[in-house]
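Visitor: I would like to learn how to read a few features of a protein model. Please take them one at a time.

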Amino acid sequence: SSPVVFGDQIWMTTATPDGEKMFAVCVNYETGELIHDIQIFEPDSIYRKHGLNSFATPTPAIEDGQVFVHFGRYGTACIDTQNGKIKWHRTDIEFLDIQGPGSSLFIYNNLLILNCEGIHKQSILALDKSTGQTVWQTERPRDIYDNLQPIGKKAYITPIIKKVNRQEQLISNGSAACIAYDPNTGEEIWRVVGGIDSTISMPFSEDGIVFFYTGFQNDDKDEKYAELIAVDPDGKGDIGKTNVIWKMQTPILQLLTPLVKDGLIYTIDTKSTMMCIEAKTGDIIWSKRVRGKYNSSPIYADGKIYFSSTQGKVIIINEGRELEITAENELEGEIWTTPVILDENILIRTSKYLYKIGT
């Protein structure tokens, strides 16, 4: 999981390599001192996962006084951040995330939103964050998903909230469709159908446009690809033929979520191509091949964009229509998580350490 911060506390999840024990860890933001190391779950049964995944991939959600942790099918819990006691937990939300947990949870008003999409059941749930009880649960539409192979129904994305015409929408790009729901009820608002297998990257949005990756698709030669789609979210029902602004063919298995800033999209695809894309048109402004895999999502601060690789390398570029690489640094360990920028400091969690880097 990526680190989350509130006040002087940094929270993360972790697990033993075999998944037999799962923990929440808290360290002091100023000193790095360990405050809490809490075992949350000790599952009776351990299921297989993808070799790139862990048993503690979902990032926590935090607010004043409590932090929420999620381990996919193994359980979800709320922890009191003052004393480290578990306030509530659930282990009954079952879905076969056959390659391990991936979707992070997030807070929406008094709700905790979970994307739980496995090979047999694909659900989005809203829990009462005070009690953990289910407030609403909605399933992906059977008229789309029944046509897929079971392995293709899974998804690892984290939804976003977007306000459209004074109505907030929960936007979730599953393997076969991107669907917007009413976050208070789970009722569907619109959908864009497309894809036959797996989504990982989150949707993202700027200036009234929503961008998302589809699941895998097959071309005429049975070669797999995905699409990055820009859509106007002001619509009802199936808006795939009316509200799609542009589409761009991309490699499959996009793990990172691109960054959009002032009309420009910055990303590195799974073929290791760094690029800047015009958000209004989908035109590629510049591109460059880089070495390594970049599965950590890029972040922005003070005119700079940071890309972190699985080899521990960080590339820093200036924002803008010309590619300017300002620095390349390397840390010990692999970087799979998204860094945090706070108070002119950067928090980066590698496979070996949590780093705090300051000015």
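Visitor: How many disulfides does the structure hold?

Guide: A disulfide is a pair of cysteine sulfur atoms within 2.5 Å. The structure holds zero disulfides. This is a predicted model, in which local features need pLDDT of at least 70 and side-chain atom pairs count only at pLDDT 80 or more, while totals for chains, interfaces and linings use all residues. Residues are numbered from 1 along each chain as its sequence is written, and side-chain values use heavy atoms, with hydrogens and water left out.

Visitor: Is Cys26 buried or exposed?

Guide: Buried means under 20% relative accessible area, exposed over 50%, and partly exposed in between, with a 1.4 Å probe and protein chains only. Cys26 has a relative accessible area of 0% and is buried. Cys116 counts as buried at 2%.

Visitor: Which residues have the most contacts inside the largest nonpolar core?

Guide: In soluble globular proteins, nonpolar side chains tend to be buried together. A nonpolar core is a set of buried Ala, Val, Leu, Ile, Met, Phe, Trp, Tyr and Cys residues joined through side-chain atoms within 4.5 Å. The largest one here has 17 residues, and Trp11, Ile40, Val69, Phe71 and Ile79 have the most contacts inside it. At least two core residues come from each of β3 (22-28), β4 (34-41), β6 (66-70) and β7 (76-80). Strands (E, at least two residues) are DSSP runs, numbered from the N terminus. A second, separate core has 15 residues, including Phe106 and Tyr145.

Visitor: How many bridges link β2 and β3?

Guide: Two strands pair if DSSP finds at least two bridges between them. β2 and β3 pair in the antiparallel sense over seven bridges, and Thr13 has Ala24 in β3 as its bridge partner. Their hairpin has six residues between the strands, and Gly19 there takes a positive phi near 75 degrees. On pairing with β1 (residues 4-6), β2 forms three antiparallel bridges, with Val5 opposite Ile10. Of the seven residues in β2 (residues 9-15), five are buried.

Visitor: What is the strand order in the open sheet of four strands?

Guide: The order is β23-β24-β25-β26, with antiparallel pairing. β23 (259-261) and β26 (284-289) are the edge strands, each pairing on one side only. Five bridges join β25 (residues 273-278) to β26, where Ser287 is the bridge partner of Met275.
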